[in-house]
Amino acid sequence: MALKIYGVARSRAARVLWMAKELGLDYEHVKVDFATGETRTRAHLALNPNGHVPVIDDDGFVLWESMAINLYLAKKHGAGGFTRAASRMRPAPGNGASGA
Ligand SMILES: N[C@@H](CCC(=O)N[C@@H](CS)C(=O)NCC(=O)O)C(=O)O
């Protein structure tokens, strides 16, 4: 199995776990728990010097930040569906959002 997802589900890792499920990916869930200090171990800091989860290791490609990870997974596995849908999204009229 190539893809590893680090981080317990009660963290922002939930975003990535949800995306992986939506995409039907096969992955290993490495339950690094921020509440017990596991994000500050030497091994975890070698993956993410910020000491946070989520992190993925995709066959040696390491990435952190939940939204960056989700964009990466959507582009790699979403066959265009997720990113095309996102590009059609527009803010509701008058809400002042830039859509960026
Ligand atoms: N902007 C980051 C936030 C990551 C973050 O704050 N993760 C928390 C858990 S929700 C964490 O790992 N904290 C560990 C710590 O501060 O030691 C993302 O979206 O991935």
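Tutor: Helices (H or I, at least four residues) and strands (E, at least two) are DSSP runs, numbered from the N terminus. Just after helix α1, G24 takes a positive phi of about 70°. This is a predicted model: local features need pLDDT of at least 70, side-chain atom pairs count only at pLDDT 80 or more, and totals for chains, interfaces and linings use all residues. Residues are numbered from 1 along each chain as its sequence is written.

Student: How many helices and strands does the chain have, and in what order do the elements run?

Tutor: The chain has 4 helices and 4 strands. From the N terminus on, the order is β-α-β-α-β-β-α-α.

Student: Which strands pair with β3?

Tutor: Two strands pair if DSSP finds at least two bridges between them. β1 pairs with β3 in the antiparallel sense over 4 bridges, and I5 has I56 of β3 as its bridge partner. β3 also pairs with β4 (residues 61–64), again antiparallel and over 4 bridges; here D57 is partnered by V62 of β4. β3 and β4 form a hairpin with 2 residues between them, and D59 in the turn has a positive phi of about 55°.

Student: Which residues of α1 are buried?

Tutor: A residue is buried if 20 or more other C-beta atoms lie within 10 Å of its own, exposed if 12 or fewer, and partly exposed in between, with C-beta atoms placed from the backbone. In α1 (residues 13–22), the buried residues are A13, V16, M19 and A20. Seen down the helix axis, they fall within an arc of 125° (taken from the directions from the axis to the C-beta atoms), so they line one face of α1. Their cover includes β1 (3–6), β3 (55–58) and α3 (66–77).

Student: Which members of the largest nonpolar core touch the most others?

Tutor: A nonpolar core is a set of buried Ala, Val, Leu, Ile, Met, Phe, Trp, Tyr and Cys residues joined through C-beta atoms within 7 Å. The largest one has 15 residues, of which I5, Y6 and V16 touch the most other members. β1, α1, β3 and α3 each give two or more residues to this core, and α1 supplies the largest share, 4 residues.

Student: What does V16 touch?

Tutor: Two residues are in contact if their C-beta atoms, placed from the backbone, lie within 7 Å. Not counting residues up to four places away in sequence, V16 touches I5, P54, I56, S66, I69 and N70.
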